[in-house]
Amino acid sequence: VHPMLNDRPYPAPRKAKRSAVEIEEERAWVRFYRQVGQADNAIVCYRRALALNEKYAEAHNNLGIALNLKDKLEEAVASYRVALVCKPDFAEAYNNLGNVLQARGQLDEAVECFRKAVTSKPGFSQAHSNLLLSMCFSPAYGPEAMATDHREWNDRYARPLAAQIKPHENDRNPERRLRVGY
């Protein structure tokens, strides 16, 4: 059992000064909790970290992720928004907020978040892909706008990889014997 978990809903914060080893140990526990699906324990850890430093943007973002895993979407949105107040160019928080807004059907707000994520962190392909997906479901974007953004995605991510595409080595003769199997 993790030493900070007990019968209280939120452990009382320890002294503000902790050693690097203690901090790294707690981060390891939080990563473990998220990996094994123990979002409740991760939430406790993030809230404890925020009790020590309420301006810790990464903890607010990660708390939002854990809350989202527990389907506490309102709390997740609030946590992401606080992360963005603490760190206005936090691309990952914009992307995570956009995902929750998209799931709630707030597509225009989601598109705005994904755009801010891509602007804050050029090359953030996941956020750019999320942007395109949200645009496809939003009636606010017509074919021209979507085509423009899809071309931008292609220029940024696909075109640089095109030279690495290797041609198929199969026989292109339409009269060849067709081989079906594994």
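Trainee: How does helix 4 pass helix 5, left-handed or right-handed?
Mentor: Helix 4 passes helix 5 in a left-handed crossing. Left-handed means the near helix is turned anticlockwise from the far one by less than a right angle, and right-handed means clockwise. Keep in mind that this is a predicted model: local features need pLDDT of at least 70, side-chain atom pairs count only at pLDDT 80 or more, and totals for chains, interfaces and linings use all residues. Residues are numbered from 1 along each chain as its sequence is written, and side-chain values use heavy atoms, with hydrogens and water left out.

Trainee: What angle do helix 4 and helix 5 pack at?
Mentor: About 155°, with the axes 9 Å apart. Helix 4 covers residues 73–86 and helix 5 covers residues 91–103. Axes are lines fitted to C-alpha atoms, for helices over the stretch in contact, and angles run from 0 to 180 degrees between N-to-C directions. The two helices are therefore roughly antiparallel. The cut-offs: under 35 degrees is roughly parallel, over 145 roughly antiparallel, 65 to 115 roughly perpendicular, and the rest oblique.

Trainee: Which residues make the contact?
Mentor: From helix 4, Leu 73, Val 77, Tyr 80, Arg 81, Ala 83 and Leu 84. From helix 5, Ala 93, Tyr 94, Asn 96, Leu 97, Val 100 and Leu 101. Contact means heavy atoms within 4.5 Å. By class, there are 10 nonpolar, 1 polar and 1 charged residues. Ala, Val, Leu, Ile, Met, Phe, Trp, Tyr, Cys and Pro count as nonpolar, Asp, Glu, Lys and Arg as charged, and the others, Gly among them, as polar.

Trainee: And how do helix 2 and helix 3 pack?
Mentor: Helix 2 (residues 39–52) and helix 3 (residues 57–69) pack at about 155°, axes 9 Å apart. That angle is why helix 2 and helix 3 count as roughly antiparallel. Helix 2 passes helix 3 in a left-handed crossing. The helix 2 side includes Ile 43, Tyr 46 and Leu 50, and the helix 3 side includes His 60, Leu 63 and Leu 67. That contact divides into 11 nonpolar, 2 polar and 1 charged.

Trainee: Stepping back, how many helices and strands are there?
Mentor: The protein chain has 8 helices and 0 strands. Helices (H or I, at least four residues) and strands (E, at least two) are DSSP runs, numbered from the N terminus.

Trainee: How much of the chain is buried?
Mentor: Buried residues make up 34% of the 182 residues. Buried is under 20% relative accessible area, exposed over 50%, partly exposed in between (1.4 Å probe, protein chains only).

Trainee: What about Asp 149, buried or exposed?
Mentor: Buried, with a relative accessible area of 7%. Asp 149 sits in helix 8, residues 143–158. Leaving aside neighbours within four places in sequence, Asp 149 is in contact with Arg 115, His 128, Leu 131, Leu 132 and Met 135.

Trainee: Now the loops. Where does Ser 138 lie?
Mentor: In the loop between helix 7 (125–137) and helix 8. Ser 138 counts as buried at 4% relative accessibility. Ser 138 touches Leu 107 and Asp 108, not counting residues up to four places away in sequence.

Trainee: And what is the phi of Asp 71?
Mentor: Positive, about 60°, although Asp 71 is not a glycine. Most residues other than glycine have a negative phi. Asp 71 lies in the loop between helix 3 and helix 4. At 63% relative accessibility, Asp 71 counts as exposed.
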